[in-house]
Amino acid sequence: MNRRRLLQSSFGAVASLMAGGALAQAGRGTHPLTAAWEVWKAAYLEPDGRVVDRLQQGASHSESQGYGLLLAATVGDEAAFDSINAWTMSNLRMRPDHLFAWRWLPDSATNVPDRNNASDGDLFYAWGLIRGAVTLQRPELIDRATDIATDLAAACIQPHPDGSGRLVFTPAAGGFQRDEGLIVNPSYMMPLAMREVAASTGVSAFARCADDSVRIITDLAQGGLVPDWIELRPGGAVPAEGMSNENGYEAMRVPLFLVWSGQQQHLAVRRQSAAYADADTARGATPTVLDRGTGVVLETSSDPGYSALAGLSLCVTSTRAGALMPRFSTRQPYYPATLHLMTLLAQFEAVSRCVPI
Amino acid sequence: MIRRWLPPLLVGAVVMSPVARAQETADEPVIDLSPLLGLEGVQPTDEAEDPAAPADEIDAVLPDYSRRAPGDAAADAAAGEEPDAAEAPEPEPQVLFPAVANGGFGIQRMSGEHARMELRVIVPPGADVEALTVSYRNSINVLTAESQITAILNGVEIGSWAPNAFAGFETVSLPTDELRSGSNELILLGDHRHRIFCGPDATFEVWTEVDTAGTGVTLDLGQLSAQSQSLADTLLAQLSSGGGVPLVAAGTPDPALVAELRRRIGGLMPGLLPDLPVESAYTPAGETPSLARVAIVPDTEGPPVEVRRTPEGGLVLVVEEGAEPSALDTFLPLPEARTGPTLVDPGQPASLDDLGSGAIEMRERYERVDVDFRLPRDWLLMSSQKAQIDLTYGYAADLPEGSLLLVKVNDTTVRLLPLFGQGGEVLPTLPIGFPARLLSPGMNRLSFEAVVPGDPPDLPCPPVDGPILAISGDSSLSVPPSPRMRRIDMGPTLYELGSGTIEAVPGVAENSRAAAVDARLATLATPYRLDADAGDGPAPSLVIADLTRLDDVPLGAVGLDRMRLETALGVARPDLEEDIAEGSTVWSLSRLSDAARTLWQRIAGIARPGDPPLDRWLSDRQGTALLVMPRPDVPEELVLILGQRADPATVAAAVEKGRTDPDGPGGQAALLNADGTWETWQPAGVAPVLEEPLTIRNARIVAGNYASWSPFIYVALLTVLVSISVLLGLIFVVRTRESRNR
């Protein structure tokens, strides 16, 4: 099978994969999240296509560009899609492979001081291209997604140090290797994105990696809440030295991505939901950092995006309909706002029962 | 080799980088990133000579982010320690529970020298009230030094203040001691003095406005419980804030369920047509979070209806799509039927007490009191019968010359009484006769209008204790009985509408005017209590359509021309106007034909009184909506057609008001003007219908009604009868003469 035929068949495959969600919606007309997207776009997307995280020195990241591209593709905003794509290609495409430098700093002498990548940014970017290929009727985007997926798999999929043969999605092309194991960020493992990328590009390692990621997160959840970072060693997982072992701003995405991927009853989701339910915090304050072992709340935030995350987790693990998710708002920083939008999208695509109330 | 270039690069990145320096010198979010090396296939940017160096030989730091927002109090306090955020809970946000005005929500006005406003202040069960506030402003004509606003809570005066909010709304705090759980009656008495003038005009110029959205009790949001009463109270407060109650759903909810919810929520404020829009569950947040809302969710095995707290702290009624209407009863019981204006029994005097107004006291220099009542739908007197008002009244001594009391029936003055010369005592009962034909079947209005000039008019009014005019509750209205007769009249159907169905024409767009009016009118489905004379036939129905859906409503029997209708409802027709303009300059056969037609129509108009055909009637009118009874033989079916300029809220309010307004829609069609008034079209040629046997007893009145309806036909009929009589007489005379001659 030549490359073009492979791409065409992949395009059809991913279209059918996504038929129950965003694509079907896009085909019917306005996506229900269009209004929220427009608000998000006005707050965080520059006209030139740069997604700005003002809290982090106004930086842009391959992650935020990937999130933006995915959201634009999902709601069918071709202009935003193209601008994000153009800016990213011009400013983060600094490597000889098809991956992106992970960060762009506006006020730095060198805008891209580091050419390492961030694997979740690349993964979401490829996923965004694939969605855009379908929603915007531009199959040629699959070519670029395939290039990224191929290089991403080569650089960031490693065998598990325990010799089980499982595949590990490492957080970057470099810097994850330790003497005794691999550093991973469980929230970079997005099974649904991996599966759709695999189905669309033919890079089958991502399909395996998706399944193995779910298993690795299951193992981690056996010991409590999923940590922000962990080191996988032949003998098991240990806290990554010098990195957060708490269930914090990174790991809060794990239940979101699992729910989005159809893993609503995953142990990690249930543990996170139970921790939210047990947290005795004031109304309007959502736990954002919890002790991994005890579930003690270490930090809270009033940003509604975090509340939406908690609301979705609590709903999917209950039998009730309706999730206590706040209305989308940009009266919060980029990160919780983006998680907020993605939480709504995950609910819309994966758990219709948990409609925001 | 790697170890040779790695240290300088790390130093360069971490120390020399302006970003890194900023991170070290300021307490800003830290992004700890050192350059990473050894990437397979990556070209080095600086001194890196071997970018493909194995990662495991590099002591590198992975991309990392600081996600925590500075300024997050709980987070800041917790940073670096092991605190439990739950130990120092933030206080619950305080919210204002808006008061409910009897006249509506939003900005309410009380005007006159002795103004009064009644409000309901609701305290949810178990809530501790922090404050009771009133948000008000005055007209610039109010003389602060001699004016006062007094607040009476549950019958106890709790405070008063001199009104001086001339620049905008100001807030007054009142003591909360007299508040009790549930509904509290707050009466505001505005004792206004005009700065300069005294008289009827000055009465209108002194006023105080109260903003219900800023008036009410302040309490902790956390004190709201998920009890049914709390939900009703909170919904009422949300409605009173003017923000409406959104019905939130992920997709398109079942219209029947939406109508049911609107009917029940609208029953909390009967007749005020609150905004109850269907909103997407994904709609971004507005400026102010709602105190209460309704969410329609997919079916589960859980309870079909329950109350939960929203993330913002308000209450949400969660209703499953398949919930039976009865499942709503606990939280939103079906509204009770409203009591409409009193139905007067013709032939029996009805006192003001009977009519519900009781004794009337007037204290303003200009004041009008309307007493609405109804007559049976089959009551009809069109000729010379007399009705009578027996008025017992008195007025204050020393009122200036020129003081007047106007007694009106359906806005026609039937007596003008002086209010000077005999003041200070109750006058003997005064019989005031008036033509019964001023009354109509259905809604009627008796009005008393007092006008008292200033004395002198160019100085502030002197303080007056007590009323200027008092009318006894024993004063009565006597309406003569009539045979059971009817004309075409949509009024009764409109009055009974609440017991039937109101819906937009099928297929109408969700964001159309028709859908919006439907949404508003669904809340008026709170019916009026029906009388014994209500029909036993099918329940009344109202179909709402706009000009794009005219094909879906049965209008053929009315004889409506689509183009005329569209023009009357705001569609510009330049071509038509040009044609007319051109035609007017050409003297042609068609013009002669038009003139002949006009002449004939005038002649026919004498014979058949009433309005011209609907097409022609509409041709010189412009309105925003047309209410039609398409088939006179099916009076329970009404159609509302919305024009291009129709504002849904205004149209809905006009329809609701028209249900009990003597000037509301009647006849077979009624056009809503831009100013909110209705013009009724009464078709010519449709005679009143007698609904009882013609007897000797009722023959005279029946004949009088027909004679009044069409004198021409009546005279012609009489002429024919007389001619036949004469002919018969002649025949009799001729025949008897012939036989006598033989």
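**Exercise 1. Find the salt bridge that Arg327(A) forms with Glu279(B), and decide whether each residue is buried or partly exposed.**

Step 1. A salt bridge is a side-chain nitrogen of Lys or Arg within 4 Å of a carboxyl oxygen of Asp or Glu. For Arg327(A) and Glu279(B), the closest N and O atoms are 3.2 Å apart.

Step 2. This pair crosses between chains: Arg327(A) is in the loop between H12 and helix H13 (334-350) of chain A, and Glu279(B) is in strand E13 (residues 278-280) of chain B. Helices (H or I, at least four residues) and strands (E, at least two) are DSSP runs, numbered from the N terminus.

Step 3. Buried means under 20% relative accessible area, exposed over 50%, and partly exposed in between (1.4 Å probe, protein chains only). Arg327(A) has 12% relative accessibility, so it counts as buried. Glu279(B) has 25%, so it counts as partly exposed.

A note on the source: this is a predicted model, in which local features need pLDDT of at least 70 and side-chain atom pairs count only at pLDDT 80 or more, while totals for chains, interfaces and linings use all residues. Residues are numbered from 1 along each chain as its sequence is written, chains are lettered from A and ligands numbered from 1 in the order in which they are written, and side-chain values use heavy atoms, with hydrogens and water left out.

**Exercise 2. State which parts of chain A are tied together by the salt bridge of Asp219(A) and Arg166(A).**

Step 1. The closest N and O atoms of Asp219(A) and Arg166(A) are 2.8 Å apart.

Step 2. Asp219(A) lies in helix H9 (residues 205-222) of chain A, and Arg166(A) in the loop between strand E3 (157-159) and strand E4 (167-169), so the bridge ties together parts 53 residues apart in sequence.

Step 3. Asp219(A) is partly exposed at 40%, whereas Arg166(A) is buried at 16%.

**Exercise 3. Classify the ring pair of Tyr249(A) and Tyr306(A).**

Step 1. Rings of Phe, Tyr and Trp (its six-membered ring) pair if their centres lie within 6.5 Å; planes under 30 degrees apart count as stacked, over 60 as edge-to-face and the rest as tilted. There are 18 aromatic pairs over all chains.

Step 2. In this pair the centres are 5.6 Å apart and the planes stand at 70°, so the pair is edge-to-face.

Step 3. Tyr249(A) is in the loop between strand E7 (236-238) and helix H10 (253-260) of chain A, and Tyr306(A) is in helix H12 (residues 304-316), 57 residues apart.

Step 4. Tyr249(A) is buried, with a relative accessible area of 8%. Tyr306(A) is buried too, at 2%.

**Exercise 4. Describe how strand E32 (residues 541-546) of chain B is covered, and which strands it pairs with.**

Step 1. E32(B) is mostly covered, as 5 of its 6 residues are buried.

Step 2. Two strands pair if DSSP finds at least two bridges between them. Strand E31 (residues 501-504) of chain B pairs with E32(B) in the parallel sense over 4 bridges, and Thr501(B) stands opposite Ser541(B).

Step 3. Strand E34 (residues 637-642) of chain B also runs parallel to E32(B), joined by 6 bridges. Here Leu542(B) stands opposite Leu638(B).
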